[in-house]
Amino acid sequence: MLELRHLRTLSALRSAGSLVRAAQLLNLTQSALSHQIKLLEERYGTPLFERKSMPIGFTATGGRLLQLADLLLPEIEQAERDLARLSQGDQGTLRVALECHTCFDWLMPVMDAFRQRWPEVEIDLVSGFHSEPAELLRSGAADLVIGSHYGPDFATFPLFRFEILVVMAQKHRLQARRRLAARDFAGETLITYPVPEQRIDLIREVLRPAGVEFERRTAELTVAILQLVASRRGVAALPNWAIKNYVDYDYVVARPVGEHGLWSDLFVSVSAAFSEKAYVRDFVGVIREQCALTLDGIKLLS
């Protein structure tokens, strides 16, 4: 029998453009996704899409199922939101604080998409630099924080894992290295956001354990950090999505850290009472969906 999950699978495959990204979007393994598609193709006796086309090209059968998905899925999602409004109320606030400075670029499209789904929910950013974002939740100054995992005091929703890359100026002395080790940073100036050292992955996970001495300089904006890097004032460690355009246009050079790379996980944290609100859970879902489709090199967390 054709099920909603089959329609969601085909819709995700069209949006993501590949089996790998579609599996992430659906929180499935690639083998489970392939098996589901195989069963559908066996049911209808024909392929649903062309395996070797990029982007994915759907057959007539796959296209007809997508037409059905486009008709049914938006109506079902809207009905689910309407039912949540009836049971929980249709108004609320969502004050969002960011521990992750570089999240701002992808968060704005997410907020726009969320407003279309929940126009009656007032959503806003808590402005300013916050040395301890978890305290904003405890004090009631924020409803939701995007950043690290703050422990059992809060309800936590996993978002995605991303790689932190070191950026340097063109023809920097470290450019010839394929991967950087802790010792390579000895005597370097590390340009960071103005946050405590324990919140900087490169320092906490790599440099301090190795006893490497380095200088540190801070800047509040990503573009300012990259300008300082390009003008040879130092190096910086930033998420892959934040530097992609600058690397693509040869403004700076990026290198991974360590044999397996330096990776960090991103979460949404809210108070326990706030976690059951339907619009909060939908906001998390919108983040995961939008970022899976627009940010290269991330891995959705389950």
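This is a predicted model: local features need pLDDT of at least 70, side-chain atom pairs count only at pLDDT 80 or more; totals for chains, interfaces and linings use all residues.
Helices (H or I, at least four residues) and strands (E, at least two) are DSSP runs numbered from the N terminus. The axes of helix 1 (residues 4-16) and helix 2 (residues 19-26) come within 8 Å and cross at roughly 125°, the axes being lines fitted to C-alpha atoms, for helices over the stretch in contact, with angles from 0 to 180 degrees between N-to-C directions. Helix 1 is therefore oblique to helix 2, given that angles under 35 degrees count as roughly parallel, over 145 as roughly antiparallel, 65 to 115 as roughly perpendicular and the rest as oblique. The residues of the contact comprise 7 nonpolar, 1 polar and 2 charged, where Ala, Val, Leu, Ile, Met, Phe, Trp, Tyr, Cys and Pro count as nonpolar, Asp, Glu, Lys and Arg as charged, and the others, Gly among them, as polar.

Strand 6 is largely enclosed by the rest of the structure, because 11 of its 14 residues are buried (under 20% relative accessible area, with exposed over 50% and partly exposed in between; 1.4 Å probe, protein chains only). Pairing requires at least two DSSP bridges between two strands. Strand 6 runs antiparallel to strand 11 (residues 262-270), to which 9 bridges join it, and Thr156 has Ser269 as its bridge partner there. Strand 6 also pairs in the antiparallel sense with strand 9 over 4 bridges, with Val166 opposite Ala237, and 3 bridges link strand 6 to the antiparallel strand 10, where Met168 is partnered by Val253.

Strands 6, 9 and 10 are also among the elements that cover the buried residues of helix 9, as are helix 5 (104-117) and helix 8 (222-230). Within helix 9 (residues 240-248), Asn240, Trp241, Ala242 and Ile243 are buried, and just after this helix Asp250 adopts a positive phi of about 60°.

Key
Residues are numbered from 1 along each chain as its sequence is written. Side-chain values use heavy atoms; hydrogens and water are left out. Contact means heavy atoms within 4.5 Å.
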